[in-house]
Amino acid sequence: MTFDLQQLAAFNAIAAAGSLGRAADQLSVTQPALSRIVRRLEEQVGAPLFERHSKGMQLTDIGQALLPHARLLQREAQAAKEEIHAMLGLAKGTIRVGAVGSIACLLLPLAIDRACRKWPNLRVEVIEGVWDRLAGALISREIDLALGVLGEDSDDIVAVPDCRWEDVSHVVAGVSHPLRARGTLALADTLDHKWAILPKGTGPFNHMTKVFADHGLPMPNVVVETRSITVLKSLIAHSDFLGWMPEPMFDAERRAGLIDRLDIPGTADTRTLTAFRRSQGLLPGPAVKLLDGLRVLTARPLQG
């Protein structure tokens, strides 16, 4: 079965918008024209792709099955177009990258700035999330590079061997936290205080769990688990919550005098980070430009 790219774009737009009218506005076409495009796709597939009702349009089971493939085909076509245009010197190009929170807070913005200064016509699309989200986005070609903690390669994803760096994680607190008024601290002194951390299953949670286990301690009083870095840092900066963060994640707050590490001997812990790519195929040109910037930045310490 051969798919028409215009039909796939129409199908994806309606699926995302949930409405023929909103999708038509996004694509700058009339509703009747968009309806005819989708009808031709349905005739080609041999089954309805949407259930039409008064509140909008909902995917049928056949439509749900087609959706991930339609998105992938559209992304592949766009990537091929950008790559060819880039080779001809015509394209702006789009960097599609994902990163875990600590990298998204400092290193990635620096690398993006570096790439955009050198190639001002580039566009950038960024997603931030935990590793499972990034790995899925990399496999589905939503992104071309994923930045996270070094781990084992898989059949689909491999680490870039010459782009690795380290960061250090600490117990952190607001600058006026009561523990700062005490003398020498031990990790056990934090057990009864309120903690706000990233949730179970994330790299920082597992990292923190290991640190407490290495000290022969149970996990502390975790009151808040959140995937929101903004909520996490706000709780720590403006209340008596403790947290566990790699240095780049709280760099801006440290500079602003809001959050800093607690001086607890033996708790600083180092991890290795890297860039990941798909194991098969060429890395798109815009992603190569970002990767070059990452290599330069990680080859020397970031300015603190």
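In this predicted model, helix H1 (residues 5-17) and helix H3 (residues 31-45) have axes that come within 9 Å and cross at roughly 110°, and the two helices are therefore roughly perpendicular to each other. On the H1 side the contact involves Gln6, Gln7, Ala10, Phe11 and Ile14, which meet Leu34, Ile37, Val38, Arg40, Leu41 and Gln44 of H3. Sorted by class, the residues of this H1 and H3 contact are seven nonpolar, three polar and one charged.

The packing of H1 against helix H2 (residues 20-27) is described by an angle of about 125° and an axis separation of 8 Å, and because angles of 65 to 115 degrees count as roughly perpendicular, H1 is classed as oblique to H2. The crossing in which H1 passes H2 is right-handed. Ala9, Ala10, Ala13, Ile14 and Ala17 are contributed by H1, while Leu20, Arg22, Ala23, Gln26 and Leu27 are contributed by H2; by class, eight residues of this contact are nonpolar, one is polar and one is charged.

For the remaining pair, H2 and H3, the axes lie 9 Å apart at an angle of about 100°, which makes H2 roughly perpendicular to H3. Here Leu20, Gly21, Ala23, Ala24 and Leu27 of H2 meet Gln31, Leu34 and Ser35 of H3, and the contact comprises five nonpolar and three polar residues, with no charged residues.

Key
Residues numbered from 1 in each chain as written. Predicted model: local features only at pLDDT ≥ 70, side-chain atom pairs only at ≥ 80, totals over all residues. Heavy atoms only, no water. Axes fitted to C-alpha atoms, helices over the stretch in contact; angles between N-to-C directions. Helix = DSSP H or I, 4+ residues; strand = E, 2+ residues; numbered from the N terminus. Parallel < 35°, antiparallel > 145°, perpendicular 65-115°, else oblique. Left-handed = near helix turned anticlockwise from the far one by under 90°. Contact = heavy atoms within 4.5 Å. Nonpolar A, V, L, I, M, F, W, Y, C, P; charged D, E, K, R; others polar.
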